[in-house]
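Dear colleague,

Here is the structure for your files. My notes on the ligand site and on one strand pair follow below.

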Amino acid sequence: MIYNENDSVRLSQDGSSVVIIDQTLLPAEKRFISLSAAEEIYDAIYHLKVRGAPAIGIFAGYALYVLARQISETEDFFVRLEELSNYLNSSRPTAVNLSWALNRVKKAALNCRNLKRSEILNAMRTEAAVIHEEDTAVCRKIAEYGLSLINDGDGILTHCNAGALATSRYGTGLGPLLYGAEQGYRFHAFIDETRPLMQGARLTAFELMNAGIDCTLICDNAAGLLMSQGKIQACFAGCDRAAMNGDCANKIGTASAAVLANYYKIPFYIFCPSSTIDKNCRTGKDIVIEERPAEEITKLYFSRQIAPDGIKCFNPAFDVTDHSLITAIITENGIFRL
Ligand code: MRU
């Protein structure tokens with residue numbers, strides 16, 4: 001196994017739990033937590049302890065295996081497996097990699113339905129590990145393609161976090177920067193803080209600084225100014241679900257950044273594994289946008305409450321960037337210009 005103790009998601013040695021970096025504690029603390037109960041696994045996804053579409057998929061694959069081990073001999077294994085899978089799948093609606101990974105691991109089990117329980121479990125474990133390993137290769141390819149789109153010294157705007165924390169290695173949207181830094185490229189990243197959950201400030205800043213990449217944290221609403229000053233040569237974002245017409249759902253604020261980039265004629269690139277493309281979604285209108293609690297806007301990351309109790313809030317976690325605003329979608333299979 002090529003995975004090690006620093007991975008943001010991994011299976012414990014004995015296979016009884018999934019070990020993750022609790023991303024809600026970053027950057028102040030890098031703490032690994034082990035999860036083995038269905039409720040804590042659901043909670044970890046819902047509360048973004050593990051987050052980012054590919055990482056959620058890798059996590060869910062291992063988690064279904066961990067939970068399947070706990071199914072008692074007296075229960076109908078496949079009925080219970082379906083229940084567990086549905087339960088995990090209901091934790092967040094937008095990232096397609098969640099259901100995609102659960103279905104893959106479930107299918108691996110079903111393919112062995114006539115074999116012994118231990119063999120079914122082995123097949124599930126193997127499939128979950130394959131999902132993990134594939135992601136590393138996929139991210140590397142995405143990083144290589146992405147690097148070909150930019151020049152040494154470019155200023156790059158990032159939104160949310162699409163780095164190694166959100167995947168297995170390199171990330172998607174941050175892949176070209178992290179891989180490029182290894183090759184000696186020098187970029188300047190402008191990091192959208194990414195209101196309200198601050199994935200840019202907390203996670204992207206943490207990852208890019210650790211990689212020695214020159215970077216500056218900005219408020220989301222400062223991006224237009226920087227674009228107008230010619231400081232941004234390209235915008236990079238990940239994706240939670242892409243529709244067949246090229247519309248892409250990603251962290252709330254992605255679409256606004258794309259509109260700005262379009263105005264200033266700056267290329268706007270979306271990076272994702274091909275597993276993020278949902279063949280069942282014709283356009284972005286078919287994508288379910290998660291809505292999250294008001295407290296995330298009014299107080300979560302502030303030392304003092306910043307909005308009055310009871311204020312009406314609207315807190316969508318994602319938005320859909322229209323395909324007309326996207327210059328290209330980059331997957332492990334190449335650069336697809338829209
Ligand atoms: O709510 P989050 O933090 O899970 O949202 C994550 C994103 O929007 C990422 O950009 C996306 O999942 C791609 S991660 C490689």
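The ligand sits in the largest cavity. A cavity here is a set of points, on a 1 Å grid over the protein atoms alone, where a 1.4 Å probe fits but cannot get out; sitting in it requires more than half of the molecule's atoms to lie within 2 Å of its grid points. The model is predicted: local features need pLDDT of at least 70, side-chain atom pairs count only at pLDDT 80 or more, and totals for chains, interfaces and linings use all residues. Residues are numbered from 1 along each chain as its sequence is written, and side-chain values use heavy atoms, with hydrogens and water left out.

Helix H2 (53–68) and strand E9 (248–251) are the elements that give two or more residues to the shell around the ligand (DSSP runs, helices H or I of at least four residues, strands E of at least two, numbered from the N terminus). There are 19 residues around the ligand, of which Arg 51, Ala 53, Arg 92, Asn 250 and Lys 251 come nearest (near: a heavy atom within 4 Å).

- Asn 250, through a polar side-chain atom, at 2.6 Å
- Ala 53, through a backbone N or O atom, at 2.8 Å
- Asp 240, through a side-chain N or O atom, at 2.9 Å

Elsewhere, strands E12 (residues 328–331) and E13 (residues 334–337) pair in the antiparallel sense over 4 bridges (pairing needs at least two DSSP bridges). They form a hairpin with 2 residues between them, and Ala 328 has Arg 337 as its bridge partner in E13.

Regards

Conventions:
A polar contact is a pair of N or O atoms within 3.5 Å; within protein, one must be able to donate a hydrogen and the other to accept it, and residues adjacent in sequence count only if both atoms are side-chain atoms. On a 1 Å grid over the protein atoms alone, a cavity is a set of points where a 1.4 Å probe fits but cannot get out, and a pocket is an open set with protein on both sides within 12 Å along at least five of seven lines; lining residues have an atom within 4 Å of a point.
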